[in-house]
Amino acid sequence: MRHGILSKIRVLDQPNTNFPLTEVSSVTEFSVASALQNYINSDHPSHGRKIHPLILKAGIKPNVNISIKLLIMYVKSSCLSDARQVFDELPRRTLSAYNYMISGYTKHGFVDKSFDLVRELCLSNEKPDGYTFSMILKGSTSENAESRLPFTGREVHAQILKSNVEGDDVLYTALVDSYVKSGRVEYARRVFDLMLDQNVICSTSMITGYMNQGRLEDAEDVFHKTVEKDVVVYNAMIEGYSKSVETAKKAIHIFIDMQSVNFRPTISTFASIIGACSLLSAFEIGQQIQGQLMKTELFTDIKIGSALIDMYSKCGRTDDARSIFDSMPRKNVYSWTSMIDGYGKNGCPNESLELFDRMISERHTKPNYVTFLGALSACAHAGLVAKGRKIFECMDRVYSMKPRMEHYACMVDLLGRAGSLNQALQFVMQMSERPNSDVWAALLSSCRLHGDVELAKIAANELFKVSGESRPGAYVALSNALADAGKWDSVSQLRELMKARGISKGTGFTWIGTDAGLEAFHAGQSL
């Protein structure tokens with residue numbers, strides 16, 4: 001019987017993996033452990049699952065070594081319930097067993113279960129090591145972690161110091177990443193500076209943290225000090241620069257530099273650099289990047305297609321955007337929304353609404369909040385009040401999406417542009433939530449458009465209450481409405497009030513394309 005089982009283990013071990021077999025005449029712990037290890041090291045560890053029932057049929061009682069290998073094999077095969085059963089049946093739960101099980105739960109998003117095991121480990125005779133702490137840190141910053149976590153980066157760091165755990169790259173990297181994701185970049189930098197070998201993963205975390213806080217010089221310092229760079233660290237710089245129009249040009253320079261040292265751009269690289277082109281309205285560069293993309297398999301990716309649509313739309317080239325949209329083999333909500341919003345913002349409300357209706361009728365893609373905002377904005381610019389109401393009402397009725405403040409503001413703008421100012425005010429007064437500054441600003445703008453000074457005063461006063469001094473444009477809008485009505489005494493009084501409150505309107509400026517790139521020109525400045 002045992003000889004037959006061994007033959008089956010040999011058969012399982014041989015065909016697909018080409019692993020050499022040791023010739024033995026009976027099943028031994030060594031042969032079973034060896035077969036399991038072969039599958040653990042292979043690209044298809046799940047194929048080793050067939051060995052477990054054969055072990056049981058052979059009457060072999062797995063020792064700790066075999067049980068740990070079974071546990072690892074199940075974790076690598078994403079069979080966590082089987083892994084947990086092996087873990088629970090262990091005669092003695094070792095630190096390595098805890099670590100493998102905690103790692104499996106953490107990597108598959110079951111953070112609460114991994115933390116439960118950490119608590120159990122701390123109550124046992126085993127003590128956490130550096131790998132355990134690194135898993136705790138990864139779990140605490142996971143997207144699947146609850147908002148109220150039992151562990152924070154500082155608490156784990158304190159326990160590491162108390163436990164005299166010897167740190168390594170894995171632990172330090174997890175600690176840096178934890179501090180960065182919690183916004184404590186200064187703590188992250190202290191750990192980073194203590195590392196003898198500052199690896200590229202840590203450098204990337206630090207760069208991301210600094211970029212998120214707008215500390216560009218610090219990010220650049222880390223980048224330049226990173227000796228062995230990879231495509232990910234370049235991506236972190238490009239993504240950080242591409243978030244602001246003031247630094248978007250630097251993103252293009254880094255994009256060129258990374259290719260000059262033979263790093264091949266990834267989908268994240270292209271998405272970020274296309275975003276930089278959007279900010280700079282640099283469609284010529286965008287076209288060159290599109291040409292580069294067309295030589296790769298990335299061109300048909302939904303993320304890239306949506307980014308190109310958004311870029312061309314923001315550059316005012318809706319025909320190019322529509323060409324990309326129509327050529328996409330697959331579309332998602334972001335693709336549809338980018339095109340719908342692009343049409344609306346470029347003065348093509350009818351095309352925007354036609355596309356929205358098509359999206360709804362095909363029923364393949366559910367619109368999101370931004371899709372509805374784009375459709376409502378298109379209705380406002382086209383003066384389609386009835387259609388706008390229908391779209392607004394179907395958000396909650398059909399899609400169970402409660403309108404947000406920006407949707408209410410868009411409806412007020414829709415009614416106001418159409419001259420239905422009283423309906424707009426009534427709509428605001430019937431809102432289930434307290435209107436914010438965007439809602440009152442939309443009403444104030446419409447009042448100025450149609451010369452309703454009295455209602456403009458009401459809207460402005462409400463706007464002053466909710467926004468205080470944060471929206472000087474509200475004072476300017478009311479002043480312009482009063483000036484249009486010839487009420488110059490009231491204009492003078494309002495301007496004196498602005499002076500008394502220390503409120504000043506920022507200087508107007510526009511972005512102009514020059515040979516040096518996109519430049520800001522302020523009012524009164526000569527070219």
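Predicted model: local features only at pLDDT ≥ 70, side-chain atom pairs only at ≥ 80, totals over all residues.
**Entry 1: a pair in H27**

I started with glutamate 462, which is partly exposed with a relative accessible area of 25%. My cut-offs here are under 20% relative accessible area for buried, over 50% for exposed and partly exposed in between, with a 1.4 Å probe and protein chains only. Lysine 465 comes out as exposed at 59%. The two side chains meet in a salt bridge, with N to O at 3.5 Å; the term needs a side-chain nitrogen of Lys or Arg within 4 Å of a carboxyl oxygen of Asp or Glu. Lysine 465 and glutamate 462 are three residues apart in helix H27 (residues 453-467), so about one helical turn separates them. I also noted a network in which salt bridges with shared partners join Arg84, Asp88, Arg93 and Glu120.

Residues are numbered from 1 along each chain as its sequence is written, and side-chain values use heavy atoms, with hydrogens and water left out.

**Entry 2: the overall count**

Of the 527 residues, 47% are buried. I then looked at contacts, meaning heavy atoms within 4.5 Å. Among those with a separation of 6 or more, 57% are between residues 24 or more positions apart. The accessible surface is about 27,600 Å², and carbon and sulfur atoms own 49% of that. Those areas come from the Shrake-Rupley method with a 1.4 Å probe, and for residues only the protein chains shown count as cover.

**Entry 3: more salt bridges**

How many salt bridges does a search of the whole structure find? I got 21. One of them joins aspartate 177 to lysine 181, where the closest N and O atoms are 3.2 Å apart. That pair sits four residues apart in helix H10 (residues 169-181), hence about one helical turn. Lysine 181 is exposed at 54%.

Another pairs lysine 387 with aspartate 357 at 3.1 Å, N to O. Lysine 387 is in helix H23 and aspartate 357 in helix H21, so this bridge ties together parts 30 residues apart in sequence. Both ends are partly exposed: lysine 387 has 26% relative accessibility and aspartate 357 has 34%.

**Entry 4: helix H22**

I checked the length of H22 (residues 369-382) first. The expected span is 1.5 Å times one less than the number of residues. For its 14 residues that should be 20 Å, and the end C-alpha atoms are 20 Å apart, so the two agree. At its start, a side-chain oxygen of asparagine 368 comes within 3.1 Å of the backbone nitrogen of valine 370. Glycine 383 follows the helix, with a positive phi near 75 degrees.

Which residues of H22 are buried? I listed Thr371, Phe372, Gly374, Ala375, Leu376, Ala378, Cys379 and Ala380. Their cover includes helices H20 (333-345), H21 (349-362), H23 (385-399) and H24 (405-417).

**Entry 5: cysteines**

A disulfide is a covalent bond between the sulfur atoms of two cysteines. My cut-off is a pair of cysteine sulfur atoms within 2.5 Å, and the structure holds zero of them. For cysteine 315, the nearest cysteine sulfur is that of cysteine 277, 7.6 Å away. Cysteine 315 is buried at 17%. Cysteine 379 is buried at 0% relative accessibility, and its sulfur is 8.4 Å from the closest one, in cysteine 410, which is too far for a bond.

**Entry 6: two last residues**

Serine 446 is in helix H26 (residues 437-450). Is serine 446 buried or exposed? I have it as buried, with a relative accessible area of 2%. Leaving out residues up to four places away in sequence, serine 446 touches Val412, Asp413, Gly416, Arg417 and Leu421.

Aspartate 319, in helix H19 (residues 318-327), is exposed at 65%. I put its C-alpha atom 9.8 Å from that of isoleucine 309, 10 residues apart along the chain.

How values were computed: Helix = DSSP H or I, 4+ residues; strand = E, 2+ residues; numbered from the N terminus. Polar contact = N/O pair within 3.5 Å; in protein donor to acceptor, adjacent residues only side chain to side chain.
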